[in-house]
Amino acid sequence: MDTVCGSEPPQSKKVCVIGAGMAGLAAARELRREAHDVTVLEQSGDVGGQWLYDPRTDAADPLGVAAPVKVHSSIYASLRLISPRQSTGFTDFPFCPKSGRDDRRFPGHREVHLYLKDFCNAFGLMEAVRLNTRVLHAAMTPARRWAVRSMDLGLVECDDTDEKTLDAYVDEVFDAVVVATGHYSQPRLPSIEGMETWRGRQMHSHSYRVPEPFRGEVVVVVGCGESGKDIAMEIRGVAKEVYLVAGSMEAVTPGLSKVLAKHSANLHLRLEVERLCEDGRVAFKDGGGSSSSIAADTVIYCTGYSYSFPFLETGGAVAVDDNRVGPLFEHVFPPSLAPSLSFVGVPRKIFAPRFFETQARWVAQVLSGRRALPAEEEMLRSVEEFYRAREAAGVPRKYTHEIGRRDITYMDDFGEKYCDFPRVEGWKHELLVSSVRGMIENLETFRDDYKDTGSIRRAMQEWHLSCVQWQSSPPSCCSYTDGRPCPTGLHQRAQ
Ligand SMILES: Cc1cc2nc3c(=O)[nH]c(=O)nc-3n(C[C@H](O)[C@H](O)[C@H](O)COP(=O)(O)OP(=O)(O)OC[C@H]3O[C@@H](n4cnc5c(N)ncnc54)[C@H](O)[C@@H]3O)c2cc1C
């Protein structure tokens, strides 16, 4: 299927990466390593994507009904990393604790942002990044290149694309576009009877930042994923009552049960919202045919996000259908537009940024001609087979891109098959496995009470040693993968 190409020298392409979050930065580095000429267009005033905390919210549209939302980051003030730093770093740039900074195993969002900036600086990526630059339109030209129209947000008074002036536009043509715009910004809302007319406050977690506005309120938190649980527990500290709506009993893990029992005074579990009533009450279906209702002040929907690429024109070659972005061969290449269009960062519940690195390295090597993709029909067939297998396994369409952090083998096989990415082995494997276990088993306190035992303690010692070693002798990060010197001139030592 996928082949390593023969003796042709790698070709350098002019590549536009859209987005400078974790995925875009991983892409930029891998593309530069493969000697491509890279421009990263980023709409925000800094790199980091979601990890660039923004205290502003989409206040005029707290449900995020209009697309695209105006504020990119959905991160709330108290957010801490859910996976330990040991399993969150780039493969050759460990997320080592730094003195004077947040050195916790599960650091806050600011530390993750600083780490991404450190990564950028270490690899000289900022010279490729154009900040405050929003891509408005990207489409293939008749010559199968990509016309990209962007807008310098620094040149318009308001960052509203309706109020742009023509002077602020920049039109450019690239050989290839890598889409790395993330998928945790555009709210995904449930359909609940009475939502349109309910008189209380309704918002999506995208617009949640701090608990204070909910002091003394009765709050219903719909959705029991990571954000739903985090937000319910945080608001519980100031609210009169919090009702966490789980969706099903399967979402009620032993960890969640413990937390509910501990805070039973004002944190309650409900299974499903039946409707929002005209008199301001929220009615629940409680299972077994029974129901109940409460008078509530606010409903917060922690119901996830939708994939959205409002700038991308593909003539129907790539579409989003119930959170399935497709067709995408291996979640990366749309067969009819490959390899000049690719996506890095579409899979969910993976180890980031490691998995982004593997995707990006594959894209970089395919673009340079070092790897070949299967024929278009074969890629399409593979995507169809994948869809059929997921459907046969009962996986709803909306979870098409959900890999599952437990599936380290998938990530390893992908990297090995497509770009010779090293497998996660030995103590590193132990760290990844233990980080998932920690998340699942000890919901409320895992971040601080996490206990290292046996092999995990040994793995942690190895990790600390690797940090010390890395800090005294960082790798020659920017070197091309075929051994030529660093394209930025910043890192000239051999690998
Ligand atoms: C509340 C919350 C908690 C999370 N917690 C964790 C966690 O603990 N661990 C974890 O691994 N992951 C977590 N994530 C997921 C997190 O989003 C990923 O870790 C990672 O940030 C995804 O990187 P990305 O580059 O794909 O997307 P993003 O970080 O969203 O970056 C995309 C970038 O594209 C830019 N962009 C978008 N559209 C345009 C355009 N038209 N023109 C130019 N630029 C554009 C954006 O401004 C942004 O900088 C969390 C997400 C949320 C919302």
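Colleague: In which sense do E5 and strand E6 pair, and over how many bridges?

Modeller: This is a predicted model. Strand E6 spans residues 146-152, and one of its residues, Met151, is the bridge partner of Arg134. E5 and E6 pair in the antiparallel sense, over 7 bridges.

Colleague: In what order do the strands of the open sheet lie?

Modeller: The open sheet is formed by 4 strands, and their pairing is mixed. Strand E7 (169-174) and strand E19 (312-313) are its edge strands, since each pairs on one side only. The order is E7-E6-E5-E19.

Colleague: Is Arg134 buried or exposed, and which side chain does the side chain of Arg134 join in a polar contact?

Modeller: Arg134 lies in strand E5. Buried means under 20% relative accessible area. Arg134 has a relative accessible area of 16%, so Arg134 is buried. The polar contact is 2.9 Å in length and joins the side chain of Arg134 to that of Gln43.

Colleague: Where is Arg144 found, and what is the phi of Arg144 near?

Modeller: Arg144 is found in the loop between E5 and E6. With a relative accessible area of 45%, Arg144 is partly exposed. Phi is positive here in a residue other than glycine, and its value is near 60°.

Colleague: Which element gives the most residues to the shell around the ligand?

Modeller: The ligand is surrounded by 30 residues, and the closest are Ala23, Glu42, Gln50, His72 and Ile82. Two elements give two or more residues to this shell: helix H1 (22-33) and strand E5 (133-140). With 3 residues, the element that gives the most is E5.

Colleague: How do the residues of the shell around the ligand divide into nonpolar, polar and charged?

Modeller: Glu42 is among the closest residues to the ligand, and Glu counts as charged. The shell as a whole divides into 2 charged, 13 polar and 15 nonpolar residues.

Colleague: Why is strand E3 described as largely enclosed by the rest of the structure?

Modeller: Strand E3 consists of residues 37-41. Strand E2 (residues 14-18) runs parallel to E3, joined by 5 bridges, and Cys16 has Thr39 in E3 as its bridge partner. E3 is largely enclosed because its buried residues number 4 of the 5.

Colleague: Which residues does Arg101 touch, leaving aside those up to four places away in sequence?

Modeller: Arg101 is found in the loop between E3 and helix H2 (109-122). At 24% relative accessibility, Arg101 counts as partly exposed. Arg101 and Glu111 are 10 residues apart in sequence and, C-alpha to C-alpha, 7.2 Å apart in space. The residues touched are Glu111, Leu114, Tyr115 and Asp118.

Colleague: How far apart in space are Trp470 and Phe93?

Modeller: Trp470 has its place in helix H10 (residues 454-472). At 18% relative accessibility, Trp470 counts as buried. Trp470 and Phe93 are 377 residues apart in sequence, while their C-alpha to C-alpha separation in space is 7.9 Å.

Colleague: What is the phi of Asn323?

Modeller: Asn323 lies in the loop between strand E20 (319-321) and E21. Asn323 counts as buried, at 7% relative accessibility. Although Asn323 is not a glycine, its phi is positive, at about 65°.

Colleague: How many helices and strands does the chain have?

Modeller: The chain has 495 residues, and 53% of them are buried. Its secondary structure comes to 10 helices and 23 strands.

Key. Residues numbered from 1 in each chain as written. Predicted model: local features only at pLDDT ≥ 70, side-chain atom pairs only at ≥ 80, totals over all residues. Heavy atoms only, no water. Buried < 20%, exposed > 50% of the residue type's maximum accessible area, 1.4 Å probe, protein only. Near = heavy atom within 4 Å. Pairing = 2+ DSSP bridges. Contact = heavy atoms within 4.5 Å. Polar contact = N/O pair within 3.5 Å; in protein donor to acceptor, adjacent residues only side chain to side chain.
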